Amino acid sequence: MRVGIIGCGAISAKHIAAYKNVGYKVTAVTDIDPQRGQQVADSCGAQFIPSYEDLCRHPEVDFIDVCTFPDFRLQPLKIAADAGKHVQVQKPIATNIETAREMVRYMRHKGVVLNVVSQHRYDDSMRFLAKAIPGGRLGKILQADAYVKWYRSAEYYSRPIKGSWATEGGGALINQGIHQVDMLLYLIGNVSEVFGYWQLGALHKIESEDVITAMLKYANGATGVIQASTAFWPGYPERIEIHGTKGTCVITGDKLTRWDVENDAGEPAPVESEAMSGASDPMAIPLTPFERQFEDFGRAIREKNSPLTSGEAGYRALELVTSIYQSCREGRPVAIADAAL
């Protein structure tokens, strides 16, 4: 596969390393900072293209990887789709539901594949649980919670666009906690109702939330809690806890750290103790899940079907996040309809 990258910030370096390991070729890059873009191009043997429009139409590119802030999604997506290119976007899929919906529908109409970077679905822990939970090994799910109690420094938020509604779509939940939102939806299913409380700029000088708590009611009857923050020094590994009638599992960071199930049988659980986490360092995340996700995206392109982390999956994660935000603003429970896209 031949890749064109839009945006040469920190996350693009992770993507480039993963592409190299799976045998994909980065053929072209672009960035609003030409000097930075040229440096990245030189480092990976790619061509620097000054215009993102030209990159989206590049004849030697199979898919576009959009590694920008989430307010810049629809513009390159439409140009790329019109040129028959597939598109991958960094999480979250967009800053608002209307844009996300248009993205999914536009790509579907053009017959090209949309992928959203949600690499934790490809962790060993998630691969195991995605089989074990539907297989009934935890029994009926009663409760599923996510805790993202991280810390980000004042320097992290020093640029005015960080933590802004317009550019990033919000704060701790949409940027840091959205991975766990996606994981809960993947393992447990849709959420039917939410109620949230937030603290806007509790520690940092930002307009959005750096502390938020939400209660969830899943469509299958289970309940849950999501807590997300970037204000809790020194930062602790993110955690998902799932409780069923037969037992409990805990994911800490990227690892399954507890599997306490009575009379369990079947494939041994891959329980580990050492986990990687971006609790205090955004780049302290493993490369393997990215590699697996990019390989799955390539498979979906070749086979003309949907990747595991499809545009629809990205839409559902954003839908839950924005519903929680709506509840926080309005001080009431918000119902989420399971509407078709």
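**View 1. Strands E8 and E9 side by side.** In this predicted model, strand E8 (residues 191-200) and strand E9 (residues 209-218) run antiparallel, joined by 9 bridges. Here, strands are DSSP runs of type E with at least two residues, helices are H or I runs of at least four, and both are numbered from the N terminus. Two strands pair if DSSP finds at least two bridges between them. Look for leucine 200, whose bridge partner in E9 is glutamate 209.

Before moving on, a word on how to read these views. Residue numbers start from 1 along each chain as its sequence is written, and side-chain values use heavy atoms, with hydrogens and water left out. Because the model is predicted, local features need pLDDT of at least 70 and side-chain atom pairs count only at pLDDT 80 or more, while totals for chains, interfaces and linings use all residues.

View 2. Contact means heavy atoms within 4.5 Å; axes are lines fitted to C-alpha atoms, for helices over the stretch in contact, and angles run from 0 to 180 degrees between N-to-C directions.

**View 3. E11 and its two partners.** Strand E7 (residues 141-149) runs antiparallel to strand E11 (residues 239-244), and 6 bridges join them. Tyrosine 147 has arginine 239 of E11 as its bridge partner. E11 also pairs with strand E12 (residues 247-252), in the antiparallel sense, over 5 bridges. E11 and E12 make a hairpin with 2 residues between them, and isoleucine 242 stands opposite cysteine 249 in E12.

**View 4. Where H9 meets H11.** The axes of helix H9 (residues 178-188) and helix H11 (residues 311-330) come within 9 Å and cross at roughly 110°. The two helices are therefore roughly perpendicular (under 35 degrees counts as roughly parallel, over 145 as roughly antiparallel, 65 to 115 as roughly perpendicular, the rest as oblique). Ile178, Val181, Asp182 and Leu185 of H9 make the contact with Ala313, Arg316, Ala317, Leu320 and Val321 of H11. By class, that contact has 7 nonpolar, no polar and 2 charged residues (Ala, Val, Leu, Ile, Met, Phe, Trp, Tyr, Cys and Pro count as nonpolar, Asp, Glu, Lys and Arg as charged, and the others, Gly among them, as polar).

**View 5. H6 alongside H9.** Helix H6 (residues 124-132) packs with H9 at an angle of about 30°, with axes 9 Å apart, so H6 is roughly parallel to H9. Met126, Leu129 and Ala130 in H6 meet Met183, Tyr186 and Leu187 in H9. The tally here is 6 nonpolar, no polar and no charged residues.

**View 6. The parallel sheet.** Another open sheet has 6 strands in the order E3-E2-E1-E4-E5-E6, with parallel pairing. Strand E3 (47-48) and strand E6 (114-116) stand at the edges with a single partner strand each, so one side of each has no neighbour in the sheet. Strand E1 (residues 2-6) and strand E2 (residues 25-30) are joined by 5 bridges, and isoleucine 6 stands opposite threonine 30 in E2.
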